[in-house]
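Here is a short briefing for a reader who is new to this structure. It goes topic by topic, in short sentences.

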Amino acid sequence: MNVQQSEVRNPRPTNNVSNPTAAMAATALAITTTANTTSSSGAFGCCPTANGESSSIDDSIELNDSQEGGNNNTLYHNGLLEKQDYHFPKRPPVDIVFRDIRYDVRRFNIAKAKFESKEILHGLNGSFKSGELTAIMGPSGAGKSTLLNIMAGYVSSGVSGMVQVNGKSRSHNSESFRKLSCYIQQHDALRPWLTVTEAMTCATHLKLGFGIGMAEKRRLIEKILFMLGLEQKGNTPTMGLSGGQKKRLAIALEMISNPPILFLDEPTTGLDSSSCAQCISLLKRLAQDGRTIVCTIHTPSALLFEMFDQLYTVVQGHCFYQGPTKEMLPFLGDLGYHCPSYHNPADFMMEIAVGEYGADVGKVIKAALKKYYEISSRCIELDSTFDDNVKLMESYSIGGGGKAEEMCKLQKQQEALDNSSYEEEDIFSKTKPASLVMQFLLLFYRNLLMTRRNYFLLFCRIIAHAAVATIFGYLYLGVGPNANQVLANYVYLYGSMLMMVYTGKMAVVLSFQIEMESLTREHFNRWYKLGPYFLSVLVLEIPIQICCSLIYVVISYHLTGNYVNMERFCIFALFCVAGSICAQSWGFFVGATLSVKLAVFIGPILAVLFSVFGFCTRYVDITPVFKWMWHISYYRASFHGIMNSVYGMNRGDLHCPETQIYCHFKNPVLFQKDMDIEHVDMQSNFVLIMLIIITMYISTVLVLWYKLNKR
């Protein structure tokens, strides 16, 4: 009997303890079905693209058919309705406490001709605890994403206040904290031309290095994909996944290193109600394993709202409410704002936050602040000097009831973590990320794989070079050796150099802009260093541009009749390729520095600007103010190089047809003198081009480093 497969997860908790026999039968049948699933190796040669035998799921994810008090999600796997609990290895609990968090934005006011500061967050206080799923809510522009970015360490400039992790002060740009956390932004930023298995395998190699065996990595990937309901999507390109599947894959990629802290920026954006329920249910399950999970969310449904353990609401940069979600309505009720029957509590809170029902937002903010200080004074006392110590009070009021016990959970966990820092303490701490060399090799192979699959752009580049070379070749057919067609050949040489410059620059000007989101996510989450990434891009792009340039040179050079000997051809090709690579380096720099619109506008302008120098322009005729541009023009250096390879180097007299009475440029030296290229130092020109290439590469790396590390 064929059973339709589904990936829908029921977010409501179920208790499978009451019928352990049925649960065991479902589990046994699932293992039998999974064992018959055919698997194939991915391109990275590490793991199968479909789930392997379920009996191998033993190390990193545990299968518990009955767990007392658990919140088991109902899963549809292999067409069977199963009640299963999958867990990653337990991590030491990590609790985050923050106090007086302020964020100032400083901008220059052109009208007033001075810098002005605006405070976005106004002294926020609170905590995010391990084992809980916390939602940060608030109206648009309230500051919820800003708070999340500060907590994740993604933003540090303009931030003041104190953040403590397990009682240890954390700087706003802490490298050790980033080892324990991951940040999944609103946009999934996946590599569209990789399959699910290939993306997971590459991430596993980069994050865990090669200190553990391939078989262990394979099992880990199988288990993660099975837990997240992606075991049947191993062969599917990431661009072919649904919105919910992409979000789960983004989480799966970060769960490879099993971080105890997860930050997510609006993980349900763009998902339907079913996918939203699956996503939040997954986060709930991960939090129950002891992780600290914090995410921003915008107007969730009542069902999703109930899944969150804690709620932190931000309104106009102030804390509007913090505490358990189930206590939010009683809190507002005590202030005289009662939620109508059958009304979504999340919608009601947002309506109060924007002042509907005649609500006094300032009154609620003051009540929330008063509640925070009342409860926090019972269980924790923060040092007013914001030093590295947290003094836990030995006794606190028992009369506070459930609220006090809830807020004092941090104290109980702190007692078990005395004299400990927030460093990793499980088997994952024994693994080291891939070395710089292996990072380069993995990233280069990944780029090569994506280029091979997205071959249309490469195909267009090759065809364009061949087509233009053929057109130019027949347009200026046989002009090379003729003295009466020197100017026509001159135009061909100029057009050839323009072709090399524009194709080299514009083909890559958007390279970093297109994948900046993916680069930012992977670099911030410590997948790899910037150096190996940039080198992997160069090692792929430079040979492609060299091949395209040589295709153009070989076709057009021979059709125009410029071939005299191999030496001249090699020099001509060398300067064409060097000029094209130099233009490509400028393309990388412009693309990395400017926005998309500015890059596609400024790039061609710079090419035209530098091309002016050297074409029908003598050095003595240039205005002194612009002579410095003549010296640094890579176009001029390349163009003079190919000109000298054609008409210089002691070339003999050109052919003057019998039909011509007089050929002025029969002696190539006369043409060189008229063009002021008689004494061209080709060695100096080539060195100049190489120096510009190196300078542009270094500048590009510095710009990317600044963008990736700007906090």
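Y494 is buried, because its relative accessible area is 17% and the cut-off for buried is under 20%. The model is a predicted one.

**Y494 and its ring partner**

- F639 is buried too, with a relative accessible area of 1%.
- The ring centres of Y494 and F639 lie 6.0 Å apart, and their planes stand at 85°.
- Planes over 60 degrees apart count as edge-to-face, so this pair is edge-to-face.
- Y494 sits in helix α16, while F639 sits in helix α23, which covers residues 634–647.
- The two residues are 145 apart in the chain, and the pair links distant parts of it.
- Both residues also belong to a cluster joined by ring pairs: Y490, Y494, Y635, F639, Y647, F665 and F671.

**Another ring pair**

- The count of aromatic pairs comes to 36.
- One of them joins F98 and Y312, with ring centres 5.7 Å apart.
- Their planes are at 55°, so the pair is tilted.
- F98 lies in strand β6 (residues 96–109), and Y312 lies in strand β14 (residues 310–315).
- The pair therefore ties together parts that are 214 residues apart in sequence.
- Are F98 and Y312 buried or exposed? Both F98 and Y312 are buried.

**Helix α15 against helix α16**

- On the α15 side, the contact uses A464, H465, V468 and F472.
- On the α16 side, it uses Y492, G495, S496, M499, M500 and T503.
- By class, the contact of α15 with α16 has six nonpolar and four polar residues, and no charged ones.

**Helix α14 against helix α19**

- Helix α14 runs over residues 436–453 and helix α19 over residues 530–559.
- Their axes come within 8 Å and cross at roughly 45°.
- The crossing of α14 past α19 is right-handed.
- From α14, the contact takes in L436, Q439, F440, L443, F444, N447, L448 and T451.
- From α19, it takes in P532, Y533, L535, S536, V537, V539, L540 and I544.
- By class, 12 residues in the contact of α14 with α19 are nonpolar, four are polar and none is charged.

**Two loop residues with positive phi**

- N166 is not a glycine, yet its phi is positive, at about 50°.
- N166 is placed in the loop between β9 (159–165) and β10 (168–170).
- N166 has a relative accessible area of 5%, so it is buried.
- A189 is also a residue other than glycine with a positive phi, near 55°.
- A189 is placed in the loop between β11 (181–184) and α4 (196–208).
- A189 counts as buried, because its relative accessibility is 13%.

Notes: Residues are numbered from 1 along each chain as its sequence is written. This is a predicted model: local features need pLDDT of at least 70, side-chain atom pairs count only at pLDDT 80 or more; totals for chains, interfaces and linings use all residues. Side-chain values use heavy atoms; hydrogens and water are left out. Contact means heavy atoms within 4.5 Å. Helices (H or I, at least four residues) and strands (E, at least two) are DSSP runs, numbered from the N terminus. Ala, Val, Leu, Ile, Met, Phe, Trp, Tyr, Cys and Pro count as nonpolar, Asp, Glu, Lys and Arg as charged, and the others, Gly among them, as polar. Axes are lines fitted to C-alpha atoms, for helices over the stretch in contact, and angles run from 0 to 180 degrees between N-to-C directions. A crossing is left-handed if the near helix is turned anticlockwise from the far one by less than a right angle, and right-handed if clockwise. Rings of Phe, Tyr and Trp (its six-membered ring) pair if their centres lie within 6.5 Å; planes under 30 degrees apart count as stacked, over 60 as edge-to-face and the rest as tilted. Buried means under 20% relative accessible area, exposed over 50%, partly exposed in between (1.4 Å probe, protein chains only).
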